[in-house]
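Here are my notes for your first look through this one. Keep the viewer open as you read, and take the points in any order you like.

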Amino acid sequence: MRIYGVKSSLGASESLFVLPILCLLILVFFVPLSHVFYFSLFPDGEFSLSGFKEVLSDELFERVLYNTIEISALATFVSLLLGYPVAMHLAGLSPRRRAIYMSMVLLPFWTSILVKSYAFIILLGRAGILNSALVFMLGEEARTQLILNRTGVIIGMSNFLVPFIVFPVLANLLNQDKNLVQAAAIMGAGSVRIWWKVVVPQSLPAVVAGCFMCMVISLGFFITPALMGGSRDMMIANIIDLYTRETLNWTAASAIGVVLLLLSGLVIFLLSRVSRSAGPFSNN
Amino acid sequence: MAAPFVLRSAHAQAKRIYIPSYGGSYQEMLTTAFAAPFTKETGVEVVFSGVPDLARLKAQVRSGRPEWDLFEAVSAWLPIAARENFLEPLDSSIVPKELMVTDYYGLFYRSIMAPSWNTAARDNGPRNFSQFWDLKSFPGPRTLRNRADLSLEIALVADGADPTKLYPLDVERAFASLGRLKPSVTKWSEATTQLTTLVATKEVEYSLNYTNRVKSAQASGMPIALSLDQTFITHEYIGVVKGTPRKELAMQFLAFALRPDRQAAFCELSSLFPGTPAALAMLSAEAKKWLPDLDKPGHIVQKEAWWLDNQEDIQKRFQSFMFS
């Protein structure tokens, strides 16, 4: 498998360097995860699918699952629309300026999501800066609800996800063979045509890689829908929270966790297959 | 004779007990009113660690090595913890019997929830729950917590039910009442702080908020007010965690925390309603300003016992209700 130009087939001596992180992951990731699997399948020490039955027959869960997929896909799409042009712009800059601009891409990423949510209220809220300006210019009917609804969730999530599109796409654009663009120009192609026929197809594997990272991250979002969304923007993680902390039903919570994990696994599987076969230049 | 005594007190110096807390100014108040004076009196250090969370308590008790020695939490969590066998029975030789609510926990304080509004946006807000439900007199968006156990009783009283005869709750009537309010509820707040911040930023016009939150928001200059004419009273209980190796110290702290003078000191700082009745007589006039007059009719006192068996199903229904 190839993700934006890094070959993943390692030699034996190279895999040795992976060992420390592998041990760490087994300890802090695999062990707790097996507990989650255990809780979901052995509610009282005995094998039972009751947790899964309970969850899968729950109408609320079904609607929230659908909701989660919809929100994740939309947030990923918006992030792609916003992130791709940024990556293109960054690719055209001198390395020194690019470094400065890249840190600007990362700045929101380093800021606490709680702080950002509060900042978004000040910017986008009913009495926020943007709405005050709209009302001042166009009158009271111009006031728009931008947070505490779906728009708010998408704004909040994209704000977090854009770097996950920008960096793979940027790495890809920088690695693209400049001769191909030159050749296309010599053959008389215009800049839009070069972009669409030469640059975009080559960048597809990175786009796909970025999108599946966004998608997988989105599926587990918790704080942003809680703070920026309305009540209809509940996502799976919020339901897990309900079962874990409020009703103490860990069997159901674990079952939902397993479903979420399988869903993420499915997304990764599907998109890695797409990325393998994406674009005529992907197997160099 | 002196030597063993010195040894024992030196040993006590190293002793610590662990309690979860909500952090921030709340934790500072706990330190001033309870932890620091307890350390002074007994030499036992009180360490605050983590946020009260029933799931964490469950995990700790299951593991057999609890991190916390005491547990204090809002509404039904302590009754649930007692039922699930996460708590030690209180030792009546240390904790006075009259301070025990049940054999497993005492009343740490009461939280008071009441209608609040932004004073920069309007002079007067809803003064009781039926006014809070009155969309004609008080139009505009509002926020409530996203919890059934902080909404259903209020919804019933707003609909005209007698606050003294609420239990068992008429769940259908409560949801019908909430359904009428729902179009103006732009946010079912996920966190208690949102009840303050959404009003302060004029995102909503009104919220059902806590007296202590409004008091500290006012102290930091936020234009927010609250009416004590009619309030919803929930209980914060405190108990000792099952299996703690420092059971006796934990019992001592619990008895200390429920002492009238400590309760009064905490109320002066926090304006949370004292759990121990004798503390009321010790309060300053300033502290009393933030306490509702419970002798007047109309206040709702929550019965957690009813929620014990109903919370899971009703909270799920509440989630569906908010979602649709």
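1. Start with Pro139(B), which sits in the loop between helix 5 (129-132) and strand 6 (142-145) of chain B. Leaving aside neighbours within four places in sequence, Pro139(B) is in contact with Arg122(B), Glu205(B) and Tyr206(B). For a sense of scale, go from Pro139(B) to Ala281(B): they are 142 residues apart along the chain, and their C-alpha atoms are separated by 40 Å.

2. A word on confidence, since this is a predicted model. Chain B averages a pLDDT of 93, and 96% of its residues score at least 70. Over residues 1-10 of chain B, though, the pLDDT is below 50. For the complex, the predictor gives an ipTM of 0.80 and a pTM of 0.86.

3. Next, the layout of chain A. Its secondary structure comes to 12 helices and two strands. The C-alpha trace of chain A spans about 70 × 65 × 30 Å along its principal axes. Chain A has 284 residues, and buried ones make up 41% of them. Take the contacts in chain A with a separation of 6 or more: 73% of these are between residues 24 or more positions apart.

4. Have a look at helix 1 of chain A, residues 12-41. A straight helix of 30 residues would span 44 Å, but helix 1 of chain A spans only 37 Å between its end C-alpha atoms. Where is the kink in this helix? There is one of about 40° at Val18(A), shortly before the proline Pro20(A).

5. Now the two chains together. How many residues does each chain bring to the contact? Chain A gives 31 residues and chain B gives 31 residues. The area buried between chain A and chain B is about 2900 Å², with carbon and sulfur atoms giving 58% of it. On the chain A side, the residues that lose the most area to chain B are Arg126(A), Glu246(A) and Leu248(A), together 21% of what that side buries.

6. Most residues other than glycine have a negative phi, and most peptide bonds are trans. Some exceptions here are worth a click. Leu148(A) has a positive phi, near 60°. You'll find Leu148(A) in the loop between helix 6 (129-138) and helix 7 (150-175) of chain A. Leu148(A) has 6% relative accessibility, so it counts as buried. Asn85(B) also has a positive phi, near 70°. Asn85(B) belongs to the loop between helix 4 (77-83) and strand 4 (87-88) of chain B. With a relative accessible area of 43%, Asn85(B) is partly exposed.

7. As for the peptide bonds, which residues does the cis one join? Tyr167(B) and Pro168(B), with omega about -5°. Pro168(B) lies in the loop between helix 6 (152-158) and helix 7 (171-181) of chain B.

8. Take Cys211(A), which is in no disulfide and has its nearest cysteine sulfur, that of Cys214(A), 6.3 Å away.

9. Last stop: Asn212(B), in helix 9 (residues 211-219) of chain B. Its relative accessibility is 18%, so Asn212(B) counts as buried; the cut-off for buried is under 20%. Not counting residues up to four places away in sequence, Asn212(B) touches Ser270(B), Ser271(B) and Leu272(B).

Key:
Residues numbered from 1 in each chain as written. Chains lettered and ligands numbered in written order. Predicted model: local features only at pLDDT ≥ 70, side-chain atom pairs only at ≥ 80, totals over all residues. Heavy atoms only, no water. pLDDT = per-residue confidence, 0-100. Contact = heavy atoms within 4.5 Å. Disulfide = S-S within 2.5 Å. Helix = DSSP H or I, 4+ residues; strand = E, 2+ residues; numbered from the N terminus. Expected span 1.5 Å × (residues − 1). Bend = angle between axes of the 7 residues up to and from the residue. Buried area = accessible area lost by both parts, 1.4 Å probe. Buried < 20%, exposed > 50% of the residue type's maximum accessible area, 1.4 Å probe, protein only.
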